[in-house]
Amino acid sequence: MCFKANALSYDYSASIECLPIPQDPQYGGGIITNPRLDQGLEGWSTFGEGKIQHRESTANNYIVAHSRNQPNDSVSQKLYLQKDNLYIISAWVQVNDDGGDGDVLVRAVFKMGNGLKYGGAVIAKSKCWSMLKGGLTAEASGPAELFFESNNTSVEIWVDSISLQPFTKEQWKSHQYQSMEQTRKRKVQFQAVDKQGKPVANAKISINQKASHFPIGCTINPNILTNTAYQNWYLPRFKYATLEDQMKWFVNEPVQGKEDYSAADALIHFAEQHGISVRGHNVHWDSPSFQPTWVPPLSPAQLGGAVVKRQHSIMNRYRHKVIAWDVVNENVHYNFLESKLGSDQSARIFEVAHAIDPTATLFMNDYNTIEDAKDGKATPARYLQRLKELQSYPGYSGWPIGIGLEGHFFTPDMAYMRASLDTLGASGMPIWLTELDVNSQPNQALYLEDILREATSHPNVKGIIIWAAWKPEGCYRMCLTDNNFKNLPTGDVVDKVLNELV
């Protein structure tokens, strides 16, 4: 696979700092008219029933949507989008002081012929500018209208340095190829020498690279322990794994006080025998739906004791045997433990986790951060806000925190995925796709290949776990093989990507 490097270069940068002056628009604004607002309101109009105004400061010009009564009372620009083009949007956003902390979710939205499509979001503040970066893929050619919305109608929305840059599919693939060559591969020079260290003329050197350094793994469950055909399929492909369910609290302690780690012990032993690195999944789960049945009725005092006992039980058992922990699973979406034990409960669990297993990376793990722009609960902006809350905990001492993105996709949007990874990567934290799958559908293999190529080529992604542990009755959402361990189309995709990384 080779692509010419004549495409417009992609800017993987993003800012997560709130700055006194906005940076220049990426790509010079792309197809946006008057991106720096230097020509007043040229190209911009009112969306909804609010009002807009051009304002100037000593540092920059910007546009303001004010007198807002509805979330979409805003400022907008009319555009024309081309089918199948991938669009990256960026803008610098500020809100006026609403009398609160000034942290307001502002989203970029596109009104299109078939409805509204979300492109990205940012947590905007007062008195400084925050960068929104997002993306979308045009499903059809036609007119569109870009606007910015916020459910907080008491604030004005200020916008500056707006950009919308289109890329063709060919250009997009060229970015992937160039990034893959730069971030996943290295040139190595060899020289044959004799015992005295002198070069040997006309020497022949044969090198056969068998695996990539980039981690791609797959979930396992007890079926692999006794099925030789399954082992013969799995072991040549994967050196990284996550246990499907066998380290979850509701499996380890279904009845209070009666712990069972037998299945997890056997799988960890299997992994050690075969040189497989394991991610620990998970210590706690913040969703009320995935607690052991005996946990929700507990009093706060009883729950606090059970939480501590569980954490010490599993983490002391497997410390130094796993490379990472999903510490409090899905605590961007949910807050079961916080609602019972206080707003800093997750941070306290992270603090204990680092004390028990200081060499392991501690992950915040959640879904829909890169999969679904419509889910406002776990946008990259919300995810990073939760990360900052952990880092602002008084006991925070620089724990090695990782960004865990589950990656349970339906219809992926590669532009939104890439822009989201750009934003999350600006944190400097390692990013893993931890539970990658695509729902069963005719395009399952095609979408899986798109996602894998985007993830393996993105400079901020450090590893991938595919959520496809085999079961004779069928996998969770996606299998890679049939019951005779012959590759399904999804398995062929995985093999192709693995081979290209070598």
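Thr434 counts as buried, because its relative accessibility is 0%; buried means under 20% relative accessible area, exposed over 50% and partly exposed in between, with a 1.4 Å probe and protein chains only. The model is predicted, so local features need pLDDT of at least 70 and side-chain atom pairs count only at pLDDT 80 or more, while totals for chains, interfaces and linings use all residues. Residues are numbered from 1 along each chain as its sequence is written, and side-chain values use heavy atoms, with hydrogens and water left out.

Thr434 is part of strand β18 (residues 431-438). Helices (H or I, at least four residues) and strands (E, at least two) are DSSP runs, numbered from the N terminus. The side chain of Thr434 makes a polar contact of 2.6 Å with that of Asn365. A polar contact is a pair of N or O atoms within 3.5 Å; within protein, one must be able to donate a hydrogen and the other to accept it, and residues adjacent in sequence count only if both atoms are side-chain atoms. Apart from neighbours within four places in sequence, the contacts of Thr434 are Arg279, Asn365, Gly404, Leu405, Glu406, Ile465 and Trp467, where contact means heavy atoms within 4.5 Å.

Strand β3 is mostly covered, with six of its six residues buried. Asn61, Ile63 and Ala65 lie on one side and Tyr62, Val64 and His66 on the other, and both faces are covered. β3 pairs with strand β2 (residues 51-56) in the antiparallel sense over six bridges; two strands pair if DSSP finds at least two bridges between them. A hairpin through four residues joins β2 to β3, and His54 stands opposite Ile63 in β3. β3 also runs antiparallel to β10, to which three bridges join it, and here Ala65 stands opposite Ile157.

Aromatic pairs come next. A search of the whole structure finds 23 of them. Rings of Phe, Tyr and Trp (its six-membered ring) pair if their centres lie within 6.5 Å; planes under 30 degrees apart count as stacked, over 60 as edge-to-face and the rest as tilted. Tyr62 and Trp158 are stacked, at 5.0 Å centre to centre and 25 degrees between the planes. Because Tyr62 lies in β3 (residues 61-66) and Trp158 in β10 (residues 157-167), this pair ties together parts that are 96 residues apart in sequence. Both Tyr62 and Trp158 are buried. Tyr261 and Tyr318 form an edge-to-face pair, because their ring centres are 6.0 Å apart and their planes at 75 degrees. Tyr261 is in the loop between α4 (249-252) and α5 (262-273) and Tyr318 in helix α6 (residues 300-318), so this pair ties together parts 57 residues apart in sequence. Tyr261 and Tyr318 are both buried. Elsewhere, ring pairs link Tyr230, Trp233, Tyr234, Phe238, Trp470 and Phe485 into a cluster.

Arg418 lies over the face of Tyr10, 4.6 Å from the ring centre, and Arg477 lies over the face of Phe410 at 4.6 Å from the ring centre. A charge sits over a ring if NZ of Lys or CZ of Arg is within 6 Å of the ring centre and within 35 degrees of the ring normal.

The backbone remains. Most residues other than glycine have a negative phi, and most peptide bonds are trans. His281 and Asn282 are joined by a cis peptide bond with omega about -5 degrees, and Asn282 is in strand β13 (residues 277-285). Leu37 has a positive phi, near 60 degrees, and is found in the segment before β1 (45-47).
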